[in-house]
Amino acid sequence: MATKAEPTTELAGQPATEEHVVIFRLADEYYALDIQTVQEIVRMQTITSIPGSDLWVEGITNLRGRVVPVIDLRKRCGVDAGEYSTETRIVVVSSANGMVGLIVDAVSEVMRIPGEQVEPPSSIVSVPENTYLRGIAKLDERLVSLMDLEGVLPAALEDDLAYAASRAA
Amino acid sequence: MASTKGQRLQFDLDDDDLKLFCEEADEQIELLDTSLVQLEGEPDPDLVQQIFRAAHTLKGSSATIGHKKMASLTHAMETVLDAVRQGRRRPTSDVVDALLAGLDALRVLADEVVTCIDSGIETARLEADLHAVLESHDEIEEAAPAEASGVAYRLDPEQVEAALAGMANGTSLYFLEIAIAAECQLPSIRSFQALQEIDALGQVLATWPERDQVEAGAGEFSLACFLLSSQSEEQLQAAIQAVTDVQDVHTRSVAQEDVDQPLAPASQPVAASAGAPGRPQLMLVEDGAPADAARGPSRKATQSVRIDVERLDGLMNLVGELVIDRTRLQQIREQLSAVLKDANLTELTENFEETTSHLARVTDELQEQIMRSRMLPVRSVLTRLPRLVRDVAAKCGKKVELVTAGEETELDRSVIEEISDPLVHILRNAVDHGIETPEERRAAGKPETGLVTVTAWNQETYIYLSVKDDGKGIDTATLRRKVAEKGLMSREAAESASEEQAIQWIFLPGLSTAKQISDVSGRGVGMDIVRTNIERLNGQITLHSTPGRGSEVIIQLPLTLATTKALMVVANATVYAIPLVSVTEALADHEADIHTINGRKTLRLRQRLLPMIDLARALGDGRPRQMEAGRFVVAARHGERQVAFMVDRLLGEQDVVVKSLGDLVGNRKGLTGATILGDGTLGLIVDTASLVSEQAALATPA
């Protein structure tokens with residue numbers, strides 16, 4: 001499924017009707033991804049690391065016959081990386097560059113967040129290199145950061161894309 | 001006329017028709033492409049007919065969909081071809097040039113049907129050219145009517161021998177032409193009867209149409225044959241005239257010294273009554289095969305269906321999955337039997353083993369079959385070459401003859417798509433740089449016409465393509481100078497390198513040996529790109545050259561790109577697949593002859609010194625070592641360069657299905673992709689080409 005232009009960065013803070021998201025945990029922080037981009041959620045499985053790749057690219061894994069690159073979101077988001085546990089999951093998302101697996105500490109729930117509960121990130125935090133937060137939702141006791149998928153993925157090696165595609169079997 | 005370029009066009013066809021139209025147009029254009037070049041000089045009536053028919057078909061189909069430009073251009077081409085066919089115009093090079101120019105335009109016009117956008121191509125001038133060649137020579141030289149009209153009867157050498165033997169035994173050789181009455185309803189049966197009658201009169205050496213065709217009921221209104229008989233001409237006449245509907249029998253006695261000469265048909269009734277207008281007249285059949293081919297698929301009658309390539313690709317992927325599952329099952333089987341041996345379950349384990357090994361066999365078979373179904377004869381690539389050679393040779397003022405062999409060799413369609421460009425490039429080089437000018441060749445005591453041979457063949461699971469020329473060979477003196485001039489090597493190193501080594505420099509990036517850059521080849525982006533492309537396909541390219549005698553380039557490619565045979569190894573706890581095509585040897589390091597030279601570990605193998613490289617480290621694996629390095633050594637080559645990779649363990653050979661690493665990971669140095677292993681985890685496929693050349697270069701002191 002192609003990534004639809006669902007609520008993106010520009011819409012942050014706008015009284016969008018509703019956000020339908022998957023909420024997950026990285027250490028003790030909560031994040032959310034648009035449910036449209038999530039393909040499936042699998043248990044932690046063997047990941048083959050690729051020598052010489054970026055620190056937070058954990059490697060590649062076999063998802064029912066497909067080779068899927070996996071990113072450790074904790075390393076990407078600068079959250080303390082602990083050991084993997086029985087709760088650790090790989091959230092498989094469909095990005096502009098194909099399927100990608102995101103390692104998270106736990107997947108907590110799927111929910112709808114009313115638009116008025118979402119605020120633009122700048123009003124609360126101002127991280128200069130923030131490329132992936134598109135809003136913060138205040139839910140009861142906790143804060144959930146809404147993540148922009150394309151922003152969280154590494155700026156893909158643009159130059160190599162055509163080449164990599166030509167290699168694809 | 002104002003340019004109409006870019007305007008939208010509309011044609012009278014729906015999607016299904018479009019597919020049909022494209023398939024047909026491609027087929028006919030391809031046919032024209034191959035055969036027009038052969039037309040020049042040698043007007044084989046069979047070929048002329050075939051070409052005429054192709055043009056005619058194109059005219060019909062383009063008119064049907066309302067493509068006026070295309071219909072009108074094909075009409076002009078058809079008119080010229082008709083004149084050639086009827087012997088009114090010889091297919092000299094200006095005729096062929098005009099037709100080829102038309103053909104190029106046809107391609108563009110056929111594409112318009114798909115794009116529906118006016119390419120702005122101008123056909124009026126091409127049509128005028130075609131008319132002009134027709135006007136320029138309206139007559140045919142009278143001198144050689146038999147050759148010119150394209151109809152000649154001739155015995156092949158074997159038959160000539162038989163004829164001479166018969167004549168030595170006192171029989172005479174006759175040439176008979178039999179005409180069947182035009183009103184006859186069943187000319188094929190009458191031809192057959194006449195042939196039977198002739199058989200009774202003596203020994204028939206050759207017939208036109210061929211005996212097989214006559215016997216199969218494909219005879220027509222005329223029949224010609226060479227007959228060895230002891231009877232007189234009158235007796236023959238009388239006997240054959242007795243067959244119903246035989247209108248005329250023309251006999252000629254052939255003298256011994258004329259046995260191997262071609263004969264022209266008698267001018268009267270035979271030709272006059274020969275079949276319907278527009279049909280091929282009697283054909284000169286050389287060895288049966290071309291005639292069969294000309295008659296088209298109806299005769300070959302192999303059963304086939306057209307399958308969408310995507311569907312085949314899908315099947316191939318599924319089989320790839322199946323292969324992985326098979327390997328996996330076998331591993332589970334081994335584990336299970338180890339566990340179950342203790343429990344008293346022998347029968348169950350045996351059953352299980354039987355089933356898994358059967359599944360393995362079936363999977364192998366299935367994989368093989370599907371791979372075969374994706375195979376195409378390499379012909380489709382080779383057929384484009386004569387035209388190319390003709391054009392290139394004309395541009396550089398050379399005379400070149402191209403001979404191709406092994407057109408039937410089959411390879412995967414994905415390989416075919418990829419091989420075309422490199423092959424064309426090599427061939428251009430051979431003609432442009434390899435073959436000398438006619439003057440140079442004469443001076444060197446060679447025939448003026450250079451010979452380029454393209455041969456394809458299979459060996460084990462590889463296909464080989466060789467491009468060989470009898471030109472001047474590679475000019476190593478120039479290469480040595482160039483290499484030094486461009487700073488790729490020191491002058492001393494360039495001078496002291498062996499001939500063998502120097503020849504290989506042709507593959508160095510940024511090197512062109514042509515004295516002048518021509519528009520045909522040689523912009524310094526030549527052979528290195530070719531080599532890169534071949535290696536991307538897991539292939540190898542090698543070059544041999546003898547000064548003054550010519551060069552030969554040999555390309556070795558796997559039969560398919562979907563799976564690759566690889567040696568599986570473990571290095572620092574990661575499984576790697578090293579494509580087998582590059583592996584020359586694998587050995588345990590205690591058996592290896594290892595030396596330390598200048599502080600570097602070096603393997604001595606068959607009189608060569610190979611730098612030893614830690615595979616994991618070379619790929620950039622910075623993790624702590626999980627195991628003692630260098631327990632095994634794998635020697636790999638890339639062109640002439642060799643290195644020895646140090647790995648921890650050898651896992652054996654395996655067919656691996658190549659998968660892309662994905663866009664996100666992108667193009668990793670030294671890796672071409674990943675493959676799924678028997679246990680469901682992933683292994684990495686090593687790009688030996690880049691790794692070997694990089695490491696070999698590092699190891700060579702500059």
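Guide: Q607(B) is exposed, because 5 other C-beta atoms lie within 10 Å. (With C-beta atoms placed from the backbone, 20 or more others within 10 Å count as buried, 12 or fewer as exposed, and anything in between as partly exposed.) Q607(B) is not a glycine, yet its phi is positive, about 65°. Its place is the loop between β16 and β17 of chain B. Strands are DSSP runs of E with at least two residues, helices are runs of H or I with at least four, and both are numbered from the N terminus.

This is a predicted model, in which local features need pLDDT of at least 70 and side-chain atom pairs count only at pLDDT 80 or more, while totals for chains, interfaces and linings use all residues. Residues are numbered from 1 along each chain as its sequence is written, and chains are lettered from A and ligands numbered from 1 in the order in which they are written.

R606(B) is in the loop between β16 (600–605) and β17 (608–614) of chain B. Its phi is near 45°, again positive in a residue other than glycine. R606(B) is exposed, since it has 10 other C-beta atoms within 10 Å.

Another backbone detail of chain B is the cis peptide bond between W208(B) and P209(B), with omega about -5°. P209(B) belongs to the loop between β2 (203–208) and α9 (211–215).

For helix packing, take α1 (residues 15–39) and α17 (residues 385–395) of chain B: their angle is about 50° and their axes are 8 Å apart. Axes are lines fitted to C-alpha atoms, for helices over the stretch in contact, and angles run from 0 to 180 degrees between N-to-C directions. α1(B) and α17(B) are therefore oblique to each other; under 35 degrees is roughly parallel, over 145 roughly antiparallel, 65 to 115 roughly perpendicular, and the rest oblique. D33(B), T34(B) and V37(B) of α1(B) meet P386(B), R387(B) and R390(B) of α17(B), where contact requires C-beta atoms, placed from the backbone, within 7 Å.

As for confidence, chain A averages a pLDDT of 77, and 76% of its residues score at least 70; pLDDT is the predictor's confidence in each residue, from 0 to 100. Residues 1–15 of chain A stay under 50, with 27 contacts beyond four places in sequence in the model. Where pLDDT is low, predicted coordinates should not be read in detail.

Note on methods: Contact = placed C-beta atoms within 7 Å.
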